[in-house]
Amino acid sequence: MAAESQARRENVIIYADPDRCMGCHSCEIACAVSHAEGHDLFSAVAARLPLQPRNHVVSVDGVTMPLQCRQCEDAPCTAVCPTGACRQTDGMVEIIGQHCIGCKLCAMVCPFGVITVKAEVAADGTALTNHGIAKKCDLCTDWRAETGAEETACVQSCPTKAIQLVDLDEYRKALREARARELVEATRHIRL
Amino acid sequence: MLGVTKAAGIATAWDRYKAQQPQCGFGSTGLCCRICLQGPCRIDPFGNGPQYGVCGADRDTIVARHLVRMMAAGTAAHSEHGRHIALALLHVGEHKLHDYAVHDDEKLHAVAARLGVATEGREQSDIIHELAEVTLGDYQNQDYDKPCHWISSSLPAPRLKKLSDLGLLPHNIDAMVAQSMSRTHMGCDAEPENLILGGLRVALADLNGEMLATELSDVLFGTPKPVASVANLGVLKRNAVNVAVNGHNPLLSEIICNVAADLHDEAVAAGAPEGINIVGVCCTGNELMMRHGVPLATNYLSQELPIATGALEAMIVDVQCVMPSLPRIAACFHTKIITTDNQNKITGATHIEFEEERASEIARQILRVAIDNFKRRDPKRIDIPDEKQEAIVGFSTEGIVAALATVDAADPLKPMVDNIVSGAIQGVVLFAGCNNAKIQQDHNYLTMAKSLAKRNVLVVATGCASGAFAKGGMMTSAATDQYCGEGLRGVLTAIGEAAGLGGPLPPVLHMGACVDNSRAVALVTALANKLGVDISDLPVVASAPEAMSEKAMAIGTWSVAIGLPTHLGTVPPVVGSDVVTGLITDAAKAQLGGYFIVEPDPEKAADSLFDAIQERRAGLGLSTAPRRPALSPTYRFAPSRPAPALLPS
C-alpha cells in the first residue's frame with residue numbers, strides 16, 4: 001500500500017527560495033562533504049580531496065539560488081544513458097556508479113546543467129581509467145542512511161533556511177491555498 | 001542549572017551554539033576574506049570554484065592575513081590590560097592614587113633589577129615611577145633595533161639570540177599591532193611566509209605585554225602563594241549578598257575585595273546575615289583566587305549560570321571574554337550586570353565608570369547597588385547547586401620555587417631538575433586557554449591531564465584551564481594519589497610534606513589567569529638557564545585543548561616561537577591553506593623548535609604531547625619512557641607544494 005501510494009506521487013525535489021538565498025555557498029560545501037565518504041570538512045580539506053558539490057549556487061539578474069537535479073519525471077538523462085546506470089528509482093532519478101562509464105551524455109542533455117562527470121580521485125594520466133562517473137544530487141540517500149539525518153546536507157547547512165525538501169502535494173496545496181486566499185479577498189465585495 | 005534555564009526558556013551559550021549549526025565551511029577553513037569592500041571573497045576549498053579573491057589574493061595569502069589579524073587582536077587585548085596596570089603603577093609612583101600601594105616590595109626589587117632600574121638608596125615611589133616609565137617605553141620605542149625591555153630581560157640567552165637572528169624580537173607592542181594591521185591591509189603583504197613571520201613577531205609582543213601585566217600586578221597586589229580555596233557554583237551563599245567579578249583586570253576587583261568587609265554591616269542590615277560574598281568568574285576570578293583564595297564560581301563557558309541560581313545580586317564585569325548575553329539572562333532574574341570599563345559596555349547593563357583615582361569610592365558605590373538589589377531576590381527562585389570543590393591554588397613561579405626550596409634551600413630548582421633527569425618527572429605540560437562551545441566544557445582538560453599525570457608529566461595551568469581543574473577536583477592532594485604515576489606522586493608527596501601542606505602537592509598547579517602564562521615562561525626559563533640549554537630543548541609542552549579567543553591564538557603562537565610543542569584542541573581557521581599549515585607546524589619546528597599540533601581528540605593529543613616530551617628527553621640524552629602505540633592523527637595534511645620555510649636558510 002505504501003509503495004503504491006509512493007508510486008503515484010512525483011519525485012521529491014529540493015526547493016530553493018531565491019528571496020532567502022544569501023549566496024553564501026554553504027550548501028555547496030555541505031554537499032561536497034556529505035559525499036566525502038566519512039571525511040569531515042577539515043580532514044577532507046587537509047587531505048586535499050578534489051570533492052565536488054552536486055548543487056551549484058547560481059546568480060543571475062540579481063537573484064541567487066542553488067540549482068540541483070530536479071529529479072525529472074521524464075528525465076532526458078535516463079533516456080540517453082547507454083548502460084542503464086541512470087534510471088528512475090524509488091522517488092528519484094538515480095545514477096548507479098558501478099554501471100556508469102562517464103560518457104557525459106546525461107550531462108549534455110540535462111536542461112539544468114547539474115550533472116558533472118569529473119573524477120574525485122587524482123588520475124595519474126597513465127591509468128586505464130580517469131575514474132570519472134556522472135554525479136548529481138542524490139538527495140543524500142546514502143548520507144542520510146549513515147547519519148540518520150532526516151534532511152539533506154544542503155538543507156541542514158542553509159543559514160537562512162532558503163532550501164527545503166519539498167513534497168509536491170504539499171507544495172501544490174500551499175499554492176492553492178495562497179491563491180484561494182487572494183481570490184477570496186479580491187471577490188469578497190463583488191456581487192454578480 | 002541548565003535544567004533551570006531550559007525550563008524557563010532561557011537560551012545559554014550551548015543553545016546559541018546549537019542554533020549556529022552547521023557553521024560556515026569557508027570561515028571554518030579560513031578561506032573567506034572580508035578585508036576589503038570588493039569581497040567577501042571565498043576560495044573553493046576543493047578546487048572547483050574560484051581560487052583567487054577579486055584582488056588576486058590566493059588561499060595562502062587569505063588564510064595567513066586573517067590568522068595574523070587574530071594574533072594582533074589577541075596581542076592588543078593583553079597589552080591593553082598591561083598598559084592599564086603600568087599606568088596605575090606610574091600614577092602610584094606620582095602619588096596620584098591613594099587606594100593602591102606596592103604590596104610586594106621584594107618582587108618590586110627583583111623586577112627592577114631585571115629591567116635595569118636602580119634601587120639602591122632610592123625611595124620606593126622613585127623606583128616604581130622609573131619602572132613604570134621603562135615599561136611604558138615598550139609601548140613607545142621607535143628604534144626597531146632596540147627590542148622591548150621585558151622580553152629581552154626575561155628569556156634564556158640562546159632563545160633571545162635565535163629570535164633576534166630571525167628578526168622576531170618586537171621593539172614596541174603598539175607598533176607591532178599597528179604593523180600587523182597594516183601589512184594585512186588589502187594590497188600589502190601577500191607572501192604567507194613573511195606574513196607568518198609578522199604574526200610570530202606580534203605574538204611575541206603579546207608575551208611582552210603578558211609579562212609586564214603579570215609582574216606589575218604582583219608588585220601592586222602581591223605575588224600569589226599557595227592558598228586553599230573552593231570552586232564551582234556551590235560557592236554562592238543563600239544568606240549573603242552574592243557578587244561575582246567577571247573579566248580579566250585585577251585593578252577594580254582587588255578594591256572590591258578590600259572594601260567588601262567595610263560594607264558587611266550594610267549587607268546584614270539589608271537582610272543578608274552572612275554579609276557580602278565575593279566570587280570569581282573567568283580570569284578576574286583566577287586573579288583573586290590566586291592572591292586571596294576568593295572562591296571561583298566558574299570559568300568562561302558557564303558564566304551565565306551563576307545568574308540562573310537566582311541568588312546573584314550583581315555581576316561586575318571589566319574586560320575580555322564577557323558574554324554580551326549576560327544582561328539578557330539577568331533580565332529573567334534580579335541580577336544586575338555592571339560594566340565598568342568605558343571601552344567595554346554592553347546594552348542592557350548598568351554602567352558605572354571605574355576610575356583608579358576614586359577606586360574605593362566607586363567600589364563601594366557598586367557594592368551598594370548589589371546590597372540594594374538583595375531585596376529584589378525572589379526566594380522561590382533560589383536554586384544553588386551543591387557542587388563545591390576544594391582546591392589548593394596560587395602557584396606562581398615564586399610559589400613553586402618556595403615550595404621546592406623546602407626540599408633544597410640552597411638550590412631550589414635542583415629537586416625538580418634531578419627528578420626530570422631521573423625520569424620520575426617525565427616533563428611538564430602547560431594547559432592554557434579557554435572553553436569553547438564546540439567541546440563539552442572542561443572535558444579535554446580533564447581527559448588530557450589525567451592521561452599525562454598518569455604518565456608522570458607535571459601539569460601546570462592558567463586561565464580557564466585553571467578553572468576547569470579547580471572545579472574538576474584536580475587541585476587537591478587526594479587527586480595526586482588518585483591520578484599521578486608513581487614517580488610524579490613520589491615527588492609531589494615529598495615536596496608537599498616538606499612544604500608543610502600535610503599531603504602531596506596537587507597534580508595540577510594553578511599558575512593564574514590567562515595573562516599569567518608569562519609565569520610558566522618564567523618557570524621554563526629558570527629551568528633552561530639552570531641546565532644551560534634553550535627552552536626548545538626542554539621536555540616541556542603546552543596545550544590549549546579548548547581554545548576559543550584571539551588571545552589564545554596569540555599565546556599559542558608565542559608558545560611556538562619560544563620553542564614549545566603547542567597543542568590546539570580546536571581547529572584554527574588555517575586548514576584551507578596547506579602552506580600556512582606547514583609553516584606553523586613543520587617549518588616552525590625546523591627553525592624555532594616549537595610547533596603547533598592540531599588534534600581535537602584529547603586521548604590522541606595526550607599521546608602526541610607525550611611523544612613530543614620523549615623526543616625532547618632523547619635529545620637531552622635522558623632516559624625515555626615506553627610510548628603507547630601511536631593513534632593516527634585526526635587530520636593528515638597533504639601538501640600541495642614543497643614544504644615552505646619561514647626564512648631562506
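**The interface between chain A and chain B**

Tutor: Between chain A and chain B, about 1800 Å² of area is buried, with carbon and sulfur atoms giving 66% of it; buried area here is the accessible area (1.4 Å probe) that two parts lose on being put together, summed over both. Phe42(A), Val45(A) and Arg48(A) supply 35% of the area that chain A buries against chain B, more than any other three residues. This is a predicted model, in which local features need pLDDT of at least 70 and side-chain atom pairs count only at pLDDT 80 or more, whereas totals for chains, interfaces and linings use all residues. Residues are numbered from 1 along each chain as its sequence is written, chains are lettered from A and ligands numbered from 1 in the order in which they are written, and side-chain values use heavy atoms, with hydrogens and water left out.

As for confidence, the predictor gives the complex an ipTM of 0.75 and a pTM of 0.91. Chain B averages a pLDDT of 95, and 100% of its residues score at least 70, pLDDT being the predictor's confidence in each residue, from 0 to 100.

Counted by residues, the contact (heavy atoms within 4.5 Å) takes 24 from chain A and 23 from chain B. The polar part of the interface comprises 4 residue pairs in polar contact, both residues being at pLDDT 80 or more; a polar contact is a pair of N or O atoms within 3.5 Å, where within protein one must be able to donate a hydrogen and the other to accept it, and residues adjacent in sequence count only if both atoms are side-chain atoms. There is also 1 salt bridge between chain A and chain B, a term that requires a side-chain nitrogen of Lys or Arg within 4 Å of a carboxyl oxygen of Asp or Glu. Arg48(A) forms a salt bridge with Asp578(B), and the closest N and O atoms of that pair are 3.6 Å apart.

In terms of secondary structure, the elements that give two or more residues to the side of chain A that touches chain B are helix H2 (26-34), helix H3 (41-46) and helix H7 (153-157) of chain A. H3(A) gives the most to that side, with 6 residues; helices (H or I, at least four residues) and strands (E, at least two) are DSSP runs, numbered from the N terminus.
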